[in-house]
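Thanks for coming, everyone. Let's bring it up on the screen.

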Amino acid sequence: MVTRRGFIDGMSAAGAATLFGGTPSAFATTHADVAVADAELKARDAIRAANVGMRASYAALKSELISRLSPVIVVQNDATGGKFTLIRGGSPQESVNPVPELFELAKSISHVPQGIFSAIAPYLGDKVPSLPNASRIDPHDLDMVAFEGPRAAGWISPLQGYEATLTTARQQLGEANLPQELEISCGRILDEALTFIRDSVRSGTFDMASFEEFSGKTYPSIRTNMKYAAAAQISGVQGLMRKWRATIGEEAWKDLYTVVLSIWTTSELNQASIIIRRCMNPVKVATHLIDLPTVEVPRDPIFVALDNLARIVQDNVSAEMVFPTDPLAADVFKGKEDLLSVEILQQTGATARAPTASRAAAASACPVHKEKPHSSA
């Protein structure tokens, strides 16, 4: 079958133009336009190919570099104080959970008010009541969280289930062999929690005010628990750093990279990072300690850490070689800012700010750098 497209394609430009009442010159112009457009598409694809080639070379370099990174410590934050992995020559040598159990136990009880909140939050009222901290609660955030509303009763059963868990913990608390001060603070948190749950279930109601009254009572004890948890983590992490430092030697330790994986809510002033930075070479800590927020816990944390570290390391070198005439651009390229950020700020009329401070400046500003190089872990 001869289609309209086939019929037209088989005709001469002049013949087609005559058939449809046009002029040869008009059709020829259209044909020329198509040719120009086709050339433009090919040219633009050729331009894109340059970037495709770059990305292929970049990925190949990164892949090779991953297998050579050394020494590296990868930290995976978890409920027990963190899992620490020592990597040399791209291969894991040892994985350790160094933090004493006291860390997990102290935090477990400190999290009880959050556990109760999570059970009752959907059933809160969607209006912020007159509370001392009312101005600090976003009404829309509250409306999103309180999606069931106070008239629903679905909170009772989950809260009673949590009550059973807390009752068991309270009954057996004395057998856990905790330091006396910590045992007392844990007991107070559990007692307040059980009182709140029982009063709420008995009355069939609760509100933001009653919950804040309960949580306010637990806070002094939570602070005590935090003291014990922090002390446990510091001792565990520093002890492991001393061990690994002796294992790999001072020469290798001075060039140590550390990648700390965390979720967004703990990515700044991460507890592990605070401790480890004091154990690293202070001259290099600003560039060799990487806090890496992740959307969620990755399936392969070691690969994610090394993949990102490889990108950072090669960018540190390429930035200086690609932008040798503009140190500020080089700093931006190897930092967290997008290279176009300053330009976009200027063009949009936003308040421009200086690009990321140089690593040397960051190093001199860091309090830990006042310590002697290679200070003991």
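α7 crosses α8 with left-handed geometry. Keep in mind that this is a predicted model. The two axes, α7 and α8, approach to within 10 Å, and their crossing angle is roughly 150°. Angles over 145 degrees count as roughly antiparallel, and α7 and α8 are therefore roughly antiparallel to each other.

Who makes the contact? On the α7 side, I156, L159, Q160, E163, L166, T167, A169 and R170. On the α8 side, G187, L190, D191, A193, L194, I197, R198 and V201. Sort the α7–α8 contact by class and you get nine nonpolar residues, three polar and four charged.

The loop between α7 (156-172) and α8 (180-203) holds N177. N177 is not a glycine, yet its phi is positive, about 60°. Is N177 buried or exposed? Exposed: its relative accessible area is 72%.

Next loop. L269 sits between β4 (257-263) and α11 (271-277). Here again phi is positive in a residue other than glycine, near 50° for L269. L269 counts as exposed too, at 77% relative accessibility.

Last stop, a peptide bond. Which residues does the cis peptide bond join? S70 and P71, with omega about -15°. P71 belongs to the loop between α3 (24-66) and β1 (72-76).

To recap: a left-handed crossing of α7 and α8, positive phi at N177 and at L269, and a cis bond between S70 and P71. Over to you.

Conventions. Residues are numbered from 1 along each chain as its sequence is written. This is a predicted model: local features need pLDDT of at least 70, side-chain atom pairs count only at pLDDT 80 or more; totals for chains, interfaces and linings use all residues. Side-chain values use heavy atoms; hydrogens and water are left out. Helices (H or I, at least four residues) and strands (E, at least two) are DSSP runs, numbered from the N terminus. Buried means under 20% relative accessible area, exposed over 50%, partly exposed in between (1.4 Å probe, protein chains only). Axes are lines fitted to C-alpha atoms, for helices over the stretch in contact, and angles run from 0 to 180 degrees between N-to-C directions. Angles under 35 degrees count as roughly parallel, over 145 as roughly antiparallel, 65 to 115 as roughly perpendicular and the rest as oblique. A crossing is left-handed if the near helix is turned anticlockwise from the far one by less than a right angle, and right-handed if clockwise. Contact means heavy atoms within 4.5 Å. Ala, Val, Leu, Ile, Met, Phe, Trp, Tyr, Cys and Pro count as nonpolar, Asp, Glu, Lys and Arg as charged, and the others, Gly among them, as polar.
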